[in-house]
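Dear colleague,

Please find the structure below, followed by an account of what was found in it.

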Amino acid sequence: MIVGDIKPIEEIVASISGYEKILIVGCGSCVSVCLSGGDREAQMLSQELKRKVHYENAPPAVAVDNILRQCELDLIKAYHEIPAGTDAVLSLACGAGVQTMAEALDPLPVLPALNTTFLGASFEPGIWQEMCKGCGNCLLTYTGGICPIARCSKSLLHGPCGGTNGRNCEVSPDIPCAWVQIIERLSRQNKLDLLSGIHESRDWRPGGAAGPRIRVRTGVGGSPGFS
Ligand code: SF4
Ligand code: SF4
């Protein structure tokens, strides 16, 4: 899932300065699962933004709504009505959701209330861990299902680097060395031979180095060439 953190309240208050009627919109997908941007968090932010302590003048009027996914234009258009008089939307979605909302509601300002951080997963309650950087050329077949791009501090394709501190990364004792984990898992799978090959210098163009990426899926209703 996409993981995000709510921005500091001072930053959010500064971003809505000058607006009199704000609509806070939660997103019911990734950011609700990581407990930063769903309906509950939208309601909590609304309560906080109504407190006079944040303002020199009167607080803005604040309403709250929620969309299942703010990253889908069709869902925004189909299910969302902006209350009359709204002069800014405060989105609790990831950066993709904020931008899709801004596109759908143009010229209404859509402001981010979250900092989008990474693609991650939760292995224990309340903790999310970065797992993938969307590199566009997945290596997990060769690395025991552990991503060296996202989980090795140096994104090494061959490791460990020599700075390994016990089973941890030299960057921090709190970070497990991804390459120790890879070797241990491949050993358990009796697949250490997968590490004997040398990966050529990586082509980072599928990972975004050639500019913004786009994916076209044909054969579904409404897609290019569908009849
Ligand atoms: S190798 Fe690339 S696509 Fe696969 S998990 Fe890592 S960053 Fe994501
Ligand atoms: S110690 Fe391990 S995780 Fe850290 S940079 Fe080196 S190989 Fe990567």
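Helices (H or I, at least four residues) and strands (E, at least two) are DSSP runs, numbered from the N terminus. The model is predicted: local features need pLDDT of at least 70, side-chain atom pairs count only at pLDDT 80 or more, and totals for chains, interfaces and linings use all residues. Residues are numbered from 1 along each chain as its sequence is written, while chains are lettered from A and ligands numbered from 1 in the order in which they are written.

An open sheet has four strands in the order 3-2-4-5, with parallel pairing (at least two DSSP bridges between two strands). Its edge strands, strand 3 (61–67) and strand 5, each pair on one side only. Three bridges join strand 4 to strand 5, and S91 stands opposite P112 in strand 5.

Helix 5 lies across strand 2, strand 4 and strand 5, and runs at about 170° to strand 5. Such angles run from 0 to 180 degrees between N-to-C directions, with axes as lines fitted to C-alpha atoms, for helices over the stretch in contact (C-beta atoms, placed from the backbone, within 7 Å). In helix 5 (residues 95–105), G97, V98, T100, M101 and L105 are buried (20 or more other C-beta atoms within 10 Å of the residue's own, placed from the backbone). These buried residues fall within an arc of 165° seen down the axis, so they line one face of the helix; the arc is that of the directions from the helix axis to the C-beta atoms.

Terms used: A residue is buried if 20 or more other C-beta atoms lie within 10 Å of its own, exposed if 12 or fewer, and partly exposed in between; C-beta atoms are placed from the backbone. Two residues are in contact if their C-beta atoms, placed from the backbone, lie within 7 Å.
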